[in-house]
Amino acid sequence: MKKKISLLFLAIFIVGIMVGCGSNESMSKKVELRDEPVKSSSDYGNGTGNISSGGTNKDNNTTSDTLKVGFIQTANESGWRAAHTQSMKDTFDTDEYTYTFVDGQGDQAVQIAGMERFIKEAYDVIILDPIVEEGWDDILKKAQNADIPVIVVDRMVSSDSSLYSCWIGSDFEKEGKDAAQWLVDNKGTTEAQNIVILEGTKGASAQLGRTSGFDAVISQYDNYTVLASEDGDFDKAKGKELMKNYMGRFDKIDVIVTQNDNMAYGVIEAINEAGKKPSDYTIISFDGEANAFKEMINGNIAVDIECNPLQGPTIEAVMKKLLAGETVEKKLYMEEGVYPASVAAQEVANRKY
């Protein structure tokens, strides 16, 4: 690789791996509960374009020995996404790196353009959170030909694994299975349950994994009927409109599965505006945001399946091992849990996003 990594770097890596994917105060600042879980993209970019360089002191402190790290995000559609971006910023926007952030704005073409720039400017590492799984072969080959390692994070790509260095993120299929198993454990296998599902962005790893995992478990039981499973795009407003549509189409809904917390907030608004109570439904959500824990305390969400966005330190540790020429695992899962409403009050203070 292009840069020589000191023994100190290797020591840091070893400590990072010992810490693992679990909770750590260095991962991210604890956030307070807030009325609006979505931060503005301008908090992480320049507010007018797609690409912004991190750090206010980079012009004065950058040297030829500073590692150039580029991170390409999907968009800023949720509090989870904001926490993910912040974890990366906390980790890489330091004097140790020249850090550049790309807001993908929900557009794969924007993400590919960001990778083109990083390749042209000979970055040392590219970190990619792909919007969808398909369509990455050509740009990954360009990065490989330029000898630039690509670490894929959060969502996956369908490209051959030889085209990227490793993937770090969540086991989305397991998350789906955990959600379905919680439902079976709590609602049983005899009483009829009608389910509606609000899926995430079509073709995204989280949508694919959570959908297939949930179906793999729930399809084993005859008392569960999925009335509809449609795209809410991980978006609060779209989730609200989809839930209004579901309530208009179906006379009896027992269970609502939203594939992220952001859509759950929209679902709760739609139910309230219809003059009904969210607590009359079993609402299952994913991500584990602090605001979702508040909704569980209020009786609006029954269970939340955690998806850990605090990936920065784990990514940094793996990156340093890569740059030292060491072998890394091709796939590394973050540590995550299942949080029913019964534990929300005692756990909410521990949430870091």
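1. In this predicted model, strand 7 and strand 9 (residues 255–258) run parallel and are joined by four bridges. Within this pairing, Val196 has Ile256 of strand 9 as its bridge partner.

2. Both strands belong to an open sheet of six strands with mixed pairing, in the order 8-7-9-10-11-13. The edges are formed by strand 8 (224–231) and strand 13 (338–340); each has a single partner strand, so one side of each is left without a neighbour in the sheet. Direction ignored, neighbouring strands are turned by 15° against each other on average.

3. Helix 9 packs on the sheet, where it touches strand 7, strand 9, strand 10 (282–287) and strand 11 (303–306). The direction of helix 9 makes about 150° with that of strand 10.

4. The largest nonpolar core comprises 35 residues, and Met243, Tyr246, Ile253, Ile256, Ile271 and Ile283 have the most contacts inside it. Elements giving two or more residues to this core include strand 7 (193–199), helix 8 (236–249) and helix 10 (290–297). Helix 9 supplies the largest share, seven residues.

5. Beyond its neighbours within four places in sequence, Ile283 is in contact with several residues, including Ile256, Val267, Ile268, Ile271 and Val303. Another core, of 22 residues, lies apart; Tyr99, Val125, Met319 and Val328 are among its members.

6. The axes of helix 3 (residues 79–92) and helix 11 (residues 312–323) come within 8 Å and cross at roughly 50°, which makes helix 3 oblique to helix 11. Ser87, Met88, Thr91 and Phe92 of helix 3 meet Gly312, Pro313, Ile315, Glu316 and Met319 of helix 11. The residues of this contact divide into five nonpolar, three polar and one charged.

Conventions
Residues are numbered from 1 along each chain as its sequence is written. This is a predicted model: local features need pLDDT of at least 70, side-chain atom pairs count only at pLDDT 80 or more; totals for chains, interfaces and linings use all residues. Side-chain values use heavy atoms; hydrogens and water are left out. Axes are lines fitted to C-alpha atoms, for helices over the stretch in contact, and angles run from 0 to 180 degrees between N-to-C directions. Angles under 35 degrees count as roughly parallel, over 145 as roughly antiparallel, 65 to 115 as roughly perpendicular and the rest as oblique. Contact means heavy atoms within 4.5 Å. Ala, Val, Leu, Ile, Met, Phe, Trp, Tyr, Cys and Pro count as nonpolar, Asp, Glu, Lys and Arg as charged, and the others, Gly among them, as polar. A nonpolar core is a set of buried Ala, Val, Leu, Ile, Met, Phe, Trp, Tyr and Cys residues joined through side-chain atoms within 4.5 Å. Buried means under 20% relative accessible area, exposed over 50%, partly exposed in between (1.4 Å probe, protein chains only). Two strands pair if DSSP finds at least two bridges between them.
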